[in-house]
Amino acid sequence: MVLPTPLSAAVSTLLAITACVTAPLGNADPTTQQAPFPTEKSGTTIHVTEYSTATADVTVNNANWISSGCSAGGGCNVIELTIVGKSDTQFSYSERSITAASSPWRQDPYRDIQGGSSTVDYQKINKTPPLRSGAVTNGQTAHGYIAYDSTVKQGDFYIEFNDPNAPAAPTPLAGWKVHT
């Protein structure tokens with residue numbers, strides 16, 4: 001059956017409108033998953049509970065881009081971090097388990113996550129003391145700097161506090177979006 005031209009144009013238009021109206025709405029970017037842990041901006045404190053039930057208030061105080069003097073003479077991002085113990089159980093941390101990434105959280109084994117650099121000379125870049133690894137309990141405070149000098153470049157990036165003692169790693173417990 002052949003439809004007259006005006007009628008076929010009307011049917012085509014109606015089918016196109018129906019397809020647009022009934023098409024599922026979605027986002028093509030898979031990175032927009034909501035993180036399954038609390039996230040904030042730099043300068044905000046997050047109350048973190050580790051797998052061991054130890055708790056602490058963790059704050060990414062600020063972030064800076066250091067243009068030179070980091071590993072291999074290049075630039076690096078440096079965060080200032082404060083951890084205040086809030087439980088009698090030891091709350092553990094390490095520069096390797098406080099990670100940075102240039103993209104927001106998502107379940108992706110190929111995501112560009114990196115731990116803090118152990119090769120940066122913190123005195124040379126005037127960011128001391130470095131925050132290496134340790135534990136705090138109720139009333140104790142740890143404070144220091146962590147440098148990221150590999151894939152995370154200047155601009156927006158994302159810090160995640162991972163439980164260093166979790167049975168499945170990495171296990172992010174809190175996150176911050178920062179800008180340098």
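These legends describe close-up views of a predicted model. Local features need pLDDT of at least 70 and side-chain atom pairs count only at pLDDT 80 or more, while totals for chains, interfaces and linings use all residues. Residues are numbered from 1 along each chain as its sequence is written, and side-chain values use heavy atoms, with hydrogens and water left out.

**View 1. The largest nonpolar core.** This core has 27 residues; a nonpolar core is a set of buried Ala, Val, Leu, Ile, Met, Phe, Trp, Tyr and Cys residues joined through side-chain atoms within 4.5 Å. Buried means under 20% relative accessible area (1.4 Å probe, protein chains only). Ile79, Ile83, Ile98, Ile159 and Phe161 have the most contacts inside the core. Strands (DSSP runs of E, at least two residues, numbered from the N terminus) that each supply at least two of its residues include E4 (76-85) and E8 (141-148). A second, separate core of 9 residues includes Cys70, Val78, Tyr122 and Ile125.

**View 2. Surroundings of Ile83.** Contact means heavy atoms within 4.5 Å. Leaving aside residues up to four places away in sequence, Ile83 touches, among others, Ala56, Val58, Phe91, Tyr93, Leu131, Val136 and Phe161.

**View 3. Thr55 in strand E3.** Thr55 belongs to strand E3 (residues 55-66). Thr55 counts as buried because its relative accessibility is 13%. Beyond residues up to four places away in sequence, its contacts are His47, Val48, Thr49, Gly85, Lys86, Ser87 and Phe91.

Definitions and conventions:
Helix = DSSP H or I, 4+ residues; strand = E, 2+ residues; numbered from the N terminus. Buried < 20%, exposed > 50% of the residue type's maximum accessible area, 1.4 Å probe, protein only.
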